[in-house]
Amino acid sequence: MRWEGNRESSNVEDRRAGGGGGGGFGIGGGAIGIGTIVVALIGGAVLGVNPLTILGILTGGGGAQVQQQQGPAPAPPANDQAARFVSTVLADTEDVWTQLFKQGGATYNPPKLVLFRGAVRTACGAGQAAMGPFYCPADRKVYIDLSFYETMKNRMGAPGDFAQAYVIAHEVAHHVQNELGISEQAERARSQMSQTQGNQVSVRIELQADCYAGVWAHHAQNSRNILEQGDVEEAMNAAQKIGDDALQANAGRAVVPESFTHGTSAQRQRWFATGLKTGSVQACDTFKARTL
């Protein structure tokens, strides 16, 4: 992936020095709670839990449990290569979504991205690195412990810088859903449903985020020619590794479609590819799709 030399975002907070404290995990997910490439990947699919429940933000619970972080955090050091990569990818998502929102007559308010190590306090509760990157809609921030990228490479078999960029783009996509009011509508609907029905809504939220990640890649490639040979394959491989069916099977569990919260490997690949091919937000309407 061609990223060096491109603009870096100023919306990055470095909270790695002090840690965040707190136990429990905070998968904030775009779908209001479950969001990243592994977020529920390990949290939902392997443990069999809905990260939203862990955070206590289902059915409107998030607003009552807001715990603001302490003080402003510094920017990461200029010589931190991994942080520079994250900052550059975040900047690229800002450029793409700012333009797409402008075309639609709206203003895009980009999220902050918080680097942490081990654990962190968020407005959605306490988050832990073991659960992967996540988005918290209550404070409009994406959280990531950079050691997750080693997990992707060594434990999940999903290496590559574009696979890493896909993770960030997916979490930012949850912020886009929050900006558009999609997350709130989904949560309102899910609060009136059974767990199985609610899981189906979660799947559509997550697949839409995959599609939005593809939309970002489409426009970033057209504007800045960021893709190198093998990059798309890296992202598709990552999508395959984090499908609910693949995660449950690899964890030695029976594959239970009713428990899916992110979608199958094939579905995740299909929707990312849809966004990448079309570059169209409208093409990502998973809620109207008869077949996922």
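Visitor: Where is the place of Q267?

Guide: In this predicted model, Q267 belongs to helix α10, which covers residues 265-278.

Visitor: Why is Q267 called buried?

Guide: The relative accessibility of Q267 is 19%. Buried means under 20%, so Q267 counts as buried.

Visitor: What makes the approach of the Q267 side chain to the backbone nitrogen of T264 a polar contact?

Guide: The side chain of Q267 reaches that nitrogen of T264 at 2.9 Å.

Visitor: Which residues are in contact with Q267, leaving aside its neighbours within four places in sequence?

Guide: They are V203, L207 and L292.

Visitor: How is the arrangement of helix α8 and α10 described?

Guide: The axes of α8, residues 231-241, and α10 come within 7 Å and cross at roughly 145°. The crossing of α8 past α10 is right-handed. On the α8 side, the contact is made by V232, A235, M236, A239 and Q240; α10 contributes S265, R268, Q269, F272, A273 and L276.

Visitor: How do the residues of this contact of α8 with α10 divide into nonpolar, polar and charged?

Guide: Seven are nonpolar, three are polar and one is charged.

Visitor: How much of the protein is made up of buried residues?

Guide: Of the 292 residues in the protein, 56% are buried.

Note on methods:
Residues numbered from 1 in each chain as written. Predicted model: local features only at pLDDT ≥ 70, side-chain atom pairs only at ≥ 80, totals over all residues. Heavy atoms only, no water. Helix = DSSP H or I, 4+ residues; strand = E, 2+ residues; numbered from the N terminus. Buried < 20%, exposed > 50% of the residue type's maximum accessible area, 1.4 Å probe, protein only. Polar contact = N/O pair within 3.5 Å; in protein donor to acceptor, adjacent residues only side chain to side chain. Contact = heavy atoms within 4.5 Å. Axes fitted to C-alpha atoms, helices over the stretch in contact; angles between N-to-C directions. Left-handed = near helix turned anticlockwise from the far one by under 90°. Nonpolar A, V, L, I, M, F, W, Y, C, P; charged D, E, K, R; others polar.
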